[in-house]
Each structure stands twice: as structure tokens, then as C-alpha cells.
Amino acid sequence: MSPLSARLIVVSNRLPLALKREDGKWRFEAGSGGLVTAMGPVLKNRGGIWIGWPGNREPIELPLLRQILGPVSEESGYRLLPVILDEGEVENYYEGFANAAIWPLFHDLQTECLFHPRHWEAYGKVNGRFARVAARHSDREDLIWVHDYHLMHLALKLKERAVERRTAFFLHIPFPPPDIFLKLPWRYEVMEGLTAYDFVAFQTMRDRQNFQACLRAFWPSSRVRGRGPVVTVGRDEGDIVVGALPISIDFAHFEALARSPKAVQTCEELRKAHRGRKIFLGVDRLDYTKGILQRLEAYGRLLEGQETLRESVVFIQILVPSREGVEAYSRLRDEIERAVSRINGRYATTGWTPLSFFFRSLPSDELAGFYRAADVAVVTPLRDGMNLVAKEYCACNTDGDGVLVLSEFAGAAGQLAKGALLVNPHDVEGLARTLVAACDMAREEREKRMIRLRRAVRRQDIFWWVDNFLRAAAGRALRDFPPDDL
Ligand code: GDG
């Protein structure tokens with residue numbers, strides 16, 4: 001059966017829910033984050049299996065876990081299969097190798113990197129366990145679609161056990177150039193793992209080219225065949241198909257959310273509360289890659305340098321708690337809270353608070369109301385695989401009037417360059433100037449840009465992405481690709 005119609009076995013570190021124990025009782029919450037947003041509607045439409053860790057830190061008996069997941073599977077329209085991790089594995093594989101070595105290294109933030117042999121060892125062991133679950137619940141006809149940097153070794157583990165399966169891998173984060181990648185003590189092993197997949201895809205052409213450059217570093221005689229977003233790299237050890245396929249969102253879903261009663265109410269409340277003021281909005285998972293401190297600094301500079309703008313702007317920053325067990329993240333949270341109080345302490349007046357800060361996850365219809373109300377979305381990661389917030393803002397902008405300020409280091413910049421105001425997030429002065437330009441932009445210009453942005457996101461939505469990923473995995477031509485001229 002072609003991968004185009006094959007049953008899908010999706011494997012990712014996390015299942016699309018978070019299991020927690022509170023007051024002795026287990027309960028779960030639907031997960032948030034880019035991957036969940038992206039894959040949920042796809043599996044719902046096609047059916048299949050999703051394999052992953054439910055995110056619990058306390059031990060749980062497997063039968064009880066299955067009992068909890070049963071009704072969730074029924075409701076979500078696909079089967080959820082758990083992989084259990086013990087405390088040491090969470091610490092070494094997840095918080096260690098994945099989040100303290102690969103995550104910062106691949107985002108070009110080497111000062112945050114921690115390389116530890118114990119972490120690497122746990123990574124191999126846990127990848128082996130995911131591979132065993134995937135092997136047990138699949139057959140040769142299925143396509144095992146593995147997501148992200150936590151599981152780069154899964155296909156190799158299948159091969160080591162002589163389990164023949166069709167495998168495809170998508171990396172949601174950037175892939176670094178050789179001068180960064182080669183710093184990894186297990187660089188050869190990671191490349192060996194990735195080349196064990198039949199198909200490996202990245203968010204952008206730059207990521208794919210970086211990967212090809214790393215391939216050449218280890219296999220100098222490798223040669224690229226073909227042109228366009230998907231090519232074959234020929235090596236003596238076997239060919240590998242590599243692609244550049246930018247992930248997207250369910251545009252129609254977000255557009256409908258923005259029109260939901262809760263979103264309309266939230267939008268009206270926000271506009272009323274900030275009448276006569278331009279609303280800047282930042283929405284991020286708490287992460288040092290998202291450039292939140294630089295963004296706040298730029299806003300501070302704007303308030304300092306543009307006295308006339310004071311009281312006529314407000315910045316709303318929504319920050320979703322993330323990776324709470326990792327030290328670097330709690331440090332960052334403290335720094336952000338200090339930056340927020342510095343700005344508010346310095347500039348607030350009796351009738352105006354310049355920065356409004358939410359440190360929690362909001363329900364998605366409410367979030368859509370924030371997107372809808374925002375005059376300017378400020379999406380300024382230092383580096384980001386794609387950044388779905390940028391696309392969600394456009395989809396929720398049903399009034400067709402809003403400005404997207406977007407980092408040139410977000411993968412999304414490739415598709416949204418002509419509609420957004422692109423910025424270098426490290427250039428704090430430049431960012432402050434761009435925020436002022438966004439406030440001053442004429443309505444006609446805003447609308448023209450928003451039409452382009454919405455068209456781009458609507459045309460290349462999550463279903464377009466999945467269809468093209470599966471086409472590429474099946475060796476078929478892509479549809480509606482490369483990106484049209486925005
Ligand atoms: C990784 C890559 C890539 C945020 N606040 C709330 C909320 N969110 C949701 C957004 C969005 C998601 O979280 C964040 O997605 P991003 O793409 O910005 O970032 P990562 O989580 O880092 O995801 C990234 C992505 O994978 C997909 O490939 O784009 O580059 O790093 O969907 O809506 N959702 C709700 N309430 C909130 O308060 N409900």
C-alpha cells in the first residue's frame with residue numbers, strides 16, 4: 001500500500017495530552033503546543049495510532065493508564081498508545097539529551113548546551129523502547145511517521161532489530177549548519193540515526209541544506225539528485241530522500257474560532273479595556289529561543305524614546321509555562337517577570353499599565369479573541385523551526401486589519417516575508433523602530449499586507465502540508481508547491 005493511503009503510526013515524544021496526579025487522583029488535560037495543534041486534525045481525519053509519553057512524572061500502572069486513555073482515544077478519533085518513562089529517563093533522555101543538548105544546539109544557543117554521556121545513553125535506551133512499541137503495533141504496510149528531535153534514533157533501532165518498516169521523520173526545530181552541529185560529541189551517531197529513515201523532512205530549505213552539508217562532512221562522496229523541495233542524496237551506504245516542507249495550521253479551524261462567541265466577547269472586552277490604544281500581542285511558550293527578553297527590551301526602548309506613544313499603546317504578553325523541571329527555564333521566567341515589573345514600574349500611570357502579562361495557557365477560543373483584538377502581533381524568536389503563532393494570528397485576523405512583526409529567524413519568514421514586517425530580534429533598536437512603524441502603518445497598507453498573509457496561510461494549511469509530506473514519502477510529485485508569490 002502506498003504511504004499516501006497507508007495507515008499512519010504517528011510517534012512523538014508526547015501524546016497529545018498531559019496526565020497529572022492531583023490530590024491522589026489522575027486527571028488529564030488536552031495538550032497545547034505546535035505539534036499537537038498540527039497533528040490532531042490530521043489523525044482525526046484519517047484514523048490511526050499516536051504513540052507517545054503521556055507526560056506523567058509520577059508512576060502509574062499500565063492497566064490504569066489504558067483505562068484512562070480508552071475514552072480519550074474514542075473521543076479523539078484515533079488510538080493513543082502510551083510509552084512509560086521512569087523518573088531517571090525523564091531527567092536524562094527528555095530534560096537532558098533532548099532539551100539540554102539538542103534543543104539549544106539546534107537553535108544556535110551553544111552556551112545553554114549540556115553534553116553528558118549519561119543523557120546520551122538514556123536517549124538510546126528510550127528510543128529503543130519507542131521503537132519496540134511502534135514495531136509491535138504496526139505492520140509492513142503502515143507508515144511510521146516519527147516527529148522531532150527526541151526520536152532521531154527510532155528508525156535505526158528498528159533496523160538493529162531487523163524490523164522492516166517504512167519510516168519517515170519530520171524535524172520541527174531548525175537543523176544547524178556543520179560548524180554548529182559538529183560540536184555535538186555524538187554527531188556521527190545522530191547522523192547515522194537520521195539516515196536510517198526512508199524520508200527525512202525539515203521545515204525550510206535552509207535546514208535541509210544544512211543537513212546536506214552535514215551529510216557531506218561524514219560521507220564526502222554523497223551526491224544530490226533532483227531539484228526542488230524534495231531531493232535524493234545518493235551515498236554508497238544507501239540513498240536518502242530529504243525534503244523541505246513548512247508545517248502549517250488548520251486555517252479554517254482558527255478562522256472559525258475567531259468568530260466563536262467566546263472569541264468575539266474576549267475581543268470586545270480587550271478593545272473596550274484598551275480603547276484608543278494600539279494593542280501589541282506576544283504569545284509564546286516560555287523558552288529562551290523565543291526572544292522574549294529582547295522583545296520586552298525593545299518595547300521599553302519604544303516607551304523611552306517615543307514619549308508621545310506612551311499611554312496610546314499597550315503590550316499584552318501571554319506566556320505558557322513549559323519544561324518546568326529545567327533550571328534554565330525557571331531562571332528565564334524570573335528574568336521575564338523582573339523585566340515586566342521594571343517596565344510597568346517605570347512607565348505606568350494611574351490610568352494606564354503599559355504591559356499586561358499572563359503566565360498561563362488560555363483556552364483556544366479565548367486566545368483567538370486576543371489574536372483578533374491585537375493591532376500588531378510581535379513574533380520575534382531568536383530562532384524557530386516554523387512558529388505557528390505567526391500563522392494563527394493571520395488566520396484569526398478575520399477583520400483583515402493587523403500587522404505581523406516577524407523575526408527573520410523564524411521558519412515562517414520564508415512564506416510570510418512579503419506580508420510581514422521582518423526584523424532581526426537581536427537588533428533591539430531596530431525592533432523598537434519596527435514597532436513604531438507598525439503603529440504608524442496606514443490602514444490601506446495594513447489591509448493589503450493582511451490579505452497576502454491570509455492567502456498564504458490559507459493555501460498552505462496543515463492539510464496541504466500533510467498531503468505533501470505523504471506524497472514526498474511515497475515518491476510522488478508535490479501539489480501546489482513551491483510557495484506561490486505572496
Ligand atoms: C515547535 C517548534 C514549530 C500558545 N499559547 C497558548 C497556546 N499556544 C499554542 C499556540 C501554538 C503553539 O502553542 C506554539 O507553537 P509554536 O510553533 O510557536 O512553537 P513550539 O511549541 O516551540 O513548537 C516550532 C512547531 O513545533 C510546529 O512544527 O512551529 O518552531 O519549536 O499553536 O497556539 N494555545 C492555547 N492557549 C495558550 O495560551 N490554547
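Val11 touches Ile51, Gly52, Phe130, Ala134, Ile144, Val146, His147, Leu151 and Leu154, leaving out residues up to four places away in sequence; two residues are in contact if their C-beta atoms, placed from the backbone, lie within 7 Å. The model is predicted, with local features needing pLDDT of at least 70 and side-chain atom pairs counting only at pLDDT 80 or more, while totals for chains, interfaces and linings use all residues. Residues are numbered from 1 along each chain as its sequence is written.

A residue is buried if 20 or more other C-beta atoms lie within 10 Å of its own, exposed if 12 or fewer, and partly exposed in between. Helices (H or I, at least four residues) and strands (E, at least two) are DSSP runs, numbered from the N terminus.

Six strands make up another open sheet, ordered β14-β13-β12-β15-β16-β17, and here the pairing is parallel. Its edges are β14 (355-358) and β17 (421-423), each with a single partner strand, so one side of each is left without a neighbour in the sheet. The twist averages 20 degrees from one strand to the next. Eight bridges pair β12 (residues 278-285) with β13 (residues 313-320) in the parallel sense, and Lys278 stands opposite Val313 in β13.

A hairpin is formed by β2 and β3 with two residues between them, and Asp23 in the turn has a positive phi of about 50 degrees. Strand β2 (residues 17-22) pairs with β3 in the antiparallel sense over six bridges, with Glu29 in β3 as the bridge partner of Ala18. Strand β3 (residues 25-30) is hardly covered, as the count of buried residues among its six residues is zero. In helix α14 (residues 388-396), by contrast, nine of the nine residues are buried, so α14 is largely enclosed by the rest of the structure.

Helix packing is illustrated by α9 (residues 251-258) and α13 (residues 364-373), whose axes come within 8 Å and cross at roughly 80 degrees. This makes α9 roughly perpendicular to α13, a label for angles of 65 to 115 degrees, whereas those under 35 count as roughly parallel, those over 145 as roughly antiparallel and the rest as oblique. Axes are lines fitted to C-alpha atoms, for helices over the stretch in contact, and angles run from 0 to 180 degrees between N-to-C directions. At this contact, Phe254, Leu257 and Ala258 in α9 meet Ser364, Asp365, Ala368, Tyr371 and Arg372 in α13.

Methods. Pairing = 2+ DSSP bridges.
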